[in-house]
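Open the model in a viewer and keep the sequence panel beside it. The stops below say what to select and what is found there.

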Amino acid sequence: MARILDEVSRTFSEYLLIPGLTTGEHQPRNVSTSAPLGRFKSGETSRLSLNTPFVTSSMQSVSGSDMAIALARLGGLSFIFCSQPIEQQKQMIHRVKTHKAGFVASDSNLRPDNTLRDAIALKKYTGHSTMPVTDDGSKNGKFLGIITDKDFWEFEDDLNAPVSDFMTERDNVVYGEFGITLHEANVLLQNQKKECLPILDNDGRLHSLVFKKDYVDHMNNPAELLDNKKRLVVGAGINTHDYKERVPVLMEEEVDAFCIDSSDGYSEYQKEAALWIRQQYGDTVVIGGGNVVNGDAFRYLAEQAKVDFVKVGIGGGSICITREQKGIGRGQASALMAVTAERDRYFKETGIYIPVCSDGGLANDTQIIIALAMGADFVMMGRYFAMTNESPTPRVSIGGRIYKPYWGEGSNRARNWQRYSLGEGDNSFKFEEGVDAYVPVVGSVKDVVDVTVTKLKSTMCNIGSLTLSEFAEKAVLTRISEQSFVEGGTSNVVSLDKDLPREV
């Protein structure tokens, strides 16, 4: 006979936080939103941590390289989707890793005999207006000079003329020698009032470039998440079918974290995949598993699969219909509280802390805050990021408003059979576990994350906490009634935004 749990399956919208004592030190500028991504022992720290506790879902309509770059600059992490050819996923990771590294390998290079037309075509292809000129047109060729779009007039100059007629020759270029520190390079840029500093080796070959704009970007994004080589941190989604082929290729790009992408992670398939990666690469990469909804599943992935973090949530995503189609899942709040309770028991027993990620069921900023208060170390989101400018889908106009398509990895559109296959060798879809939809465009990733983080820090101060772990420890939650939920919104007034007709 089936066993029935006594508790009701609950969602984030059924809870509110009770304020705690706010003291003089509880100000947003003193709050840290750092969160561990990898497992660690008591008294130690995680080998990889987020500066902002947000990661993207490993989805075609969410996690491209533009998204990964934008979110890493804000302190979060993207998991590049795996429902694509291995080489294509590798190229996305490569683009993130080479986007900003202080010392940037040049990917826009010309030979002196290339024409201005070639230079214009290269600029349009790469988006870079600064192009080194080397003897063979390679990124490490003999440096001869540099040309930018300020050196010629596209509609006035002869486009068939060689770039050697327009470039600034090496003797007139300020450059740094290989071995110079990034700080020294930036000082040289400042003193010489230059935008770009080529770095040359002892043989006069181009090694890399240092840009003023990268320094400015860094100062404007102090929370950006960087590896030990000062490159942006990026993750990759993987499945339990081709990981032996996919993982080694992605490791060539020094990817920082893997997330095993599955609607139900309580399986031997995940254990086998995680242990194989650990055997091959040790602790050089963080490995996440899931998704799960109860303590037994958490314990299995923590003890048997040795994963670094565990994702919680089945069927709670805005375009996920797993519960409707298969009858499995759990209210996200109930699932999260069950798993975090088991995480804390496991930590008390073993002294090993396994971070928990809440994935799905987050309809607004308030629910993100509630999830973190309930003990999630960080949250994974799809729709939240799909609505931004940086998501990889095209804009469409519907009824005068701008939208972007958004679809689930279990939809026919994604064709991600590997995420849902039971390993029986049949690669066809029998039914869908995700839908195809549209979401309104709301702005840039920076715009939406800045607002959410501001709200989060303000709430943490209301609770009397300065860190996320302290926030979860001090949080006191109360369940709310239907009328309490209604009371929390506007009532008995005319809303200028919603109720009055707009002027045309």
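Contact here means heavy atoms within 4.5 Å. The model is a predicted one.

Select Val 449 first. Leaving out residues up to four places away in sequence, Val 449 touches Thr 52, Phe 54, Leu 71, Leu 74, Tyr 384 and Phe 385. Now widen the selection to the largest nonpolar core, which has 86 residues; Phe 54, Phe 258, Phe 385, Val 449 and Phe 471 touch the most other members. The biggest contribution to this core, eight residues, comes from helix α14 (residues 445-463). A separate core of 15 residues lies apart from it, and its members include Val 55, Val 233, Ala 257 and Phe 378. In soluble globular proteins, nonpolar side chains tend to be buried together.

**Strand β18 and Ser 358**

Move to strand β18 (residues 356-359) and pick out Ser 358. Is Ser 358 buried or exposed? Its relative accessibility is 0%, and because buried means under 20%, Ser 358 counts as buried. Display its surroundings: beyond the neighbours within four places in sequence, Ser 358 is in contact with Phe 12, Val 312, Gln 332, Leu 336, Ala 371, Ala 376, Phe 378, Val 379 and Met 380. With one of these, Gln 332, there is a side-chain polar contact of 3.1 Å.

**Helix α10**

Gln 332 leads on to helix α10, residues 332-350. The helix has 19 residues, which at 1.5 Å a residue should span 27 Å; the end C-alpha atoms are 26 Å apart, in agreement with that. Colour by accessibility to find the buried residues of α10: Gln 332, Ala 333, Ser 334, Ala 335, Leu 336, Val 339, Thr 340, Glu 342, Arg 343 and Tyr 346. Just past the end of α10, select Gly 351, where phi is positive, at about 75°.

**Strands β7, β8 and β9**

Next, select strand β8 (residues 143-148), where five of the six residues are buried, so the strand is largely enclosed by the rest of the structure. Which strands pair with β8? Strand β7 (residues 130-134) pairs with β8 in the antiparallel sense over five bridges, and Thr 134 stands opposite Phe 143 of β8. Strand β9 (residues 168-169) also pairs with β8 in the antiparallel sense, over two bridges. In that pairing, Gly 145 stands opposite Glu 169 of β9.

**The three-stranded sheet**

Go on to the open sheet with strand order β20-β21-β22 and antiparallel pairing. Its edges are β20 (396-398) and β22 (436-440); each has a single partner strand, so one side of each is left without a neighbour in the sheet. Looked at regardless of direction, neighbouring strands here are turned by 50° against each other on average. Strand β21 (residues 401-407) is joined to β22 by five bridges, and the two run antiparallel.

**Leu 226**

The last stop is Leu 226, in the loop between α5 (212-220) and β13 (235-238). Leu 226 has 30% relative accessibility and therefore counts as partly exposed. Apart from neighbours within four places in sequence, Leu 226 is in contact with Arg 231, Leu 232 and Val 233.

How values were computed. Residues numbered from 1 in each chain as written. Predicted model: local features only at pLDDT ≥ 70, side-chain atom pairs only at ≥ 80, totals over all residues. Heavy atoms only, no water. Helix = DSSP H or I, 4+ residues; strand = E, 2+ residues; numbered from the N terminus. Buried < 20%, exposed > 50% of the residue type's maximum accessible area, 1.4 Å probe, protein only. Polar contact = N/O pair within 3.5 Å; in protein donor to acceptor, adjacent residues only side chain to side chain. Pairing = 2+ DSSP bridges. Axes fitted to C-alpha atoms, helices over the stretch in contact; angles between N-to-C directions. Core = buried A, V, L, I, M, F, W, Y, C linked by side-chain atoms within 4.5 Å. Expected span 1.5 Å × (residues − 1).
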